[in-house]
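Subject: Structure for your review

Dear colleague,

Please find below the structure that I am handing over to you. My findings follow it, and I would be grateful if you read them alongside the coordinates.

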Amino acid sequence: MGLSVLLGIGVFLFWYIGYPHALSYQEQYQLFLWTGDYFWERVSVPGGLADWLGEFIVQFYYVEWLGALLLAVLFVMIQRLTACLLPKAWFLLSLLPVALLWWLMGDINVLLSLPVAVAIALGMACIRLSKSFSWADLVILPILYWLIGPIAWLYVVIRLVQRGWKQVWAVGWLLVVQGAAYLWLLPQWPLPQVAMGLNYYCIPLKTPEWKGYDKEIYELIQQDYWVRNERWDDIVKRAQEVTVRTPFWSNCVNLALSQKRQLADRMFDFYQSGEDALIMPRVRDLTSMLPSAEAFWRLGFINSAQRYMFDTQESILNGRLSGRCTKRIAECMIVNGHYKTAAKQLDILKKSLFYREWAKEAESLLNDEAQINAHPVYGKLRKIRYKEDFLFSYPEMEKMMGLLFMNNPENKMALDYFMGQLLLKGEMQQFQQYMGWAQQYGGYRMMPLGYQDAMRCIQAQGNVPGSPYAKYVQRMIAEKGKSKE
């Protein structure tokens with residue numbers, strides 16, 4: 001029991017203190033709904049019960065300490081169930097399945113349904129069947145396979161160890177069960193995916209590459225976690241210690257600097273990925289567009305924020321909804337006055353646990369123009385947003401930022417992003433032309449240090465030793481030269 005308690009404490013501290021951002025990452029890519037339809041949809045495929053139970057637990061990751069506590073309980077349960085199958089002298093070996101699952105979960109695409117399925121298989125194997133009931137596995141195996149998927153093989157292996165060669169028939173029987181399920185009930189699914197499990201890995205038909213806890217991936221997840229929770233000081237502080245040379249990292253850091261009104265001063269003190277360092281072009285994956293969507297939202301590009309969030313949600317390869325994306329999509333619709341479509345998103349969120357209260361409060365705003373205009377966030381965005389719908393291409397981003405600022409000179413963030421984008425693209429003539437905007441509308445007591453540095457580089461044609469901006473320009477020239485070779 002002492003070992004189990006220590007394990008539980010270790011698991012809890014690992015996730016709550018060390019990797020709360022990983023919990024947030026998993027929670028934001030599903031939306032558990034408390035409805036019968038949601039349950040029956042999950043259990044309609046093999047492994048569905050494990051999938052449903054996994055998502056049930058993951059919804060509590062929204063409250064990080066609670067999510068870490070439930071993970072600790074699950075891991076201790078797996079350890080205790082393993083211990084009940086082993087001789088007392090081999091008690092320490094009960095930690096092996098926990099250690100393996102702990103390592104596997106370092107892959108961000110591994111779903112919690114995997115350890116849940118393992119726990120159920122171990123629990124079933126702990127039920128000792130007498131010789132007169134050995135035939136019960138004829139019934140148990142089909143049911144177990146449908147509830148937890150191919151992890152049912154773990155149950156078969158344990159029964160073989162318990163009973164010896166007399167249980168070999170179970171191997172053939174489970175193969176028959178899987179084959180029959182594929183031929184009659186799952187012909188629309190690829191055979192390799194059915195064989196490996198439909199609900200253990202969120203990327204269909206991809207062979208997992210077990211790398212454990214990849215440092216750079218988790219660094220980016222942490223940055224996004226801080227963006228989601230508006231912890232701008234943490235982002236800037238961490239950026240001074242660790243650099244990940246990707247546009248995603250640059251987007252997060254620049255957004256944090258802009259929210260602290262430090263972008264004009266300190267932008268080039270940090271790594272800039274290039275013209276995409278402020279806002280990335282559209283990329284169809286789970287994560288890349290999130291900091292850009294957050295920047296769009298705060299700038300007043302409401303339609304673009306909605307589009308990026310929608311594309312992110314549609315990129316969830318296992319077909320789940322996202323609580324984070326659905327909430328922001330609803331907010332965009334409220335700001336734009338699209339109340340009927342906003343109501344549909346809010347109806348979905350009201351069927352969840354942790355988004356329900358927010359959805360009810362947001363629903364009270366629908367069709368109430370005065371209340372929305374007085375809202376501290378939505379009212380401000382209504383003042384600074386574009387009032388007309390139109391299309392624009394990504395290479396014209398700085399023009400759109402300039403127009404957004406001209407639409408409302410109080411939009412300091414748009415001004416900072418406009419000037420920053422000119423510097424990223426090396427538009428020196430335009431940068432000098434619009435320096436008057438920065439002086440007149442920027443609200444600075446003195447010209448920002450970053451702009452002073454850029455002007456020195458222009459005047460000295462880049463020959464400014466120790467200049468952050470000159471270093472950026474030289475790197476961009478070198479990278480473009482390599483790309484032409």
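A crossing of two helices is called left-handed if the near helix is turned anticlockwise from the far one by less than a right angle, and right-handed if clockwise.

The model is a predicted one. Its chain contains 28 helices and zero strands. Along the principal axes, the C-alpha atoms fill a box of roughly 90 × 55 × 45 Å. Of the 485 residues in the chain, 50% are buried. The accessible surface comes to about 23400 Å², and carbon and sulfur atoms hold 61% of that surface. Among contacts with a separation of 6 or more, 67% are between residues 24 or more positions apart.

Helix H12 covers residues 215–228 and helix H14 covers residues 247–259; they pack at an angle of about 30°, and their axes lie 10 Å apart. Because angles under 35 degrees count as roughly parallel, H12 is roughly parallel to H14. The crossing of these two helices is left-handed. On the H12 side, Leu220, Gln223, Asp224 and Val227 take part, and they meet Phe248, Trp249, Cys252, Val253 and Leu255 of H14. By type, the residues of this contact are seven nonpolar, one polar and one charged.

The second pair is H4 with H7. Helix H4 (residues 48–58) packs against helix H7 (residues 113–125) at an angle of about 120°, with the axes 8 Å apart. H4 and H7 are therefore oblique to each other. Here the crossing is right-handed. Ala50, Asp51, Leu53, Gly54 and Ile57 of H4 are in contact with Ser113, Val116, Ala117 and Ile120 of H7. The residues of this contact comprise six nonpolar, two polar and one charged.

Helix H23 deserves a separate note. Within its residues 397–407, the buried ones are Met397, Glu398, Met400, Met401, Gly402, Leu404 and Phe405. The cover over these buried residues of H23 includes helix H16 (290–299), helix H22 (378–384), helix H24 (412–425) and helix H26 (435–441).

Most residues other than glycine have a negative phi. Glu230, however, is not a glycine and has a positive phi of about 55°. Glu230 sits in the loop between H12 and helix H13 (232–239), and it counts as partly exposed because its relative accessibility is 48%. Arg261 likewise has a positive phi, near 55°, in a residue other than glycine. Arg261 belongs to the loop between H14 and helix H15 (263–266); its relative accessibility of 32% means that Arg261 is also classed as partly exposed.

Gln30 is buried, because its relative accessible area is 8% and the cut-off for burial is under 20%. Leaving aside residues up to four places away in sequence, Gln30 touches Glu55, Val58, Gln59, Arg320, Leu321, Ser322 and Gly323.

With kind regards

Key: Residues numbered from 1 in each chain as written. Predicted model: local features only at pLDDT ≥ 70, side-chain atom pairs only at ≥ 80, totals over all residues. Heavy atoms only, no water. Axes fitted to C-alpha atoms, helices over the stretch in contact; angles between N-to-C directions. Helix = DSSP H or I, 4+ residues; strand = E, 2+ residues; numbered from the N terminus. Parallel < 35°, antiparallel > 145°, perpendicular 65-115°, else oblique. Contact = heavy atoms within 4.5 Å. Nonpolar A, V, L, I, M, F, W, Y, C, P; charged D, E, K, R; others polar. Buried < 20%, exposed > 50% of the residue type's maximum accessible area, 1.4 Å probe, protein only. Areas by Shrake-Rupley, 256 points an atom, 1.4 Å probe, with all protein chains shown as cover.
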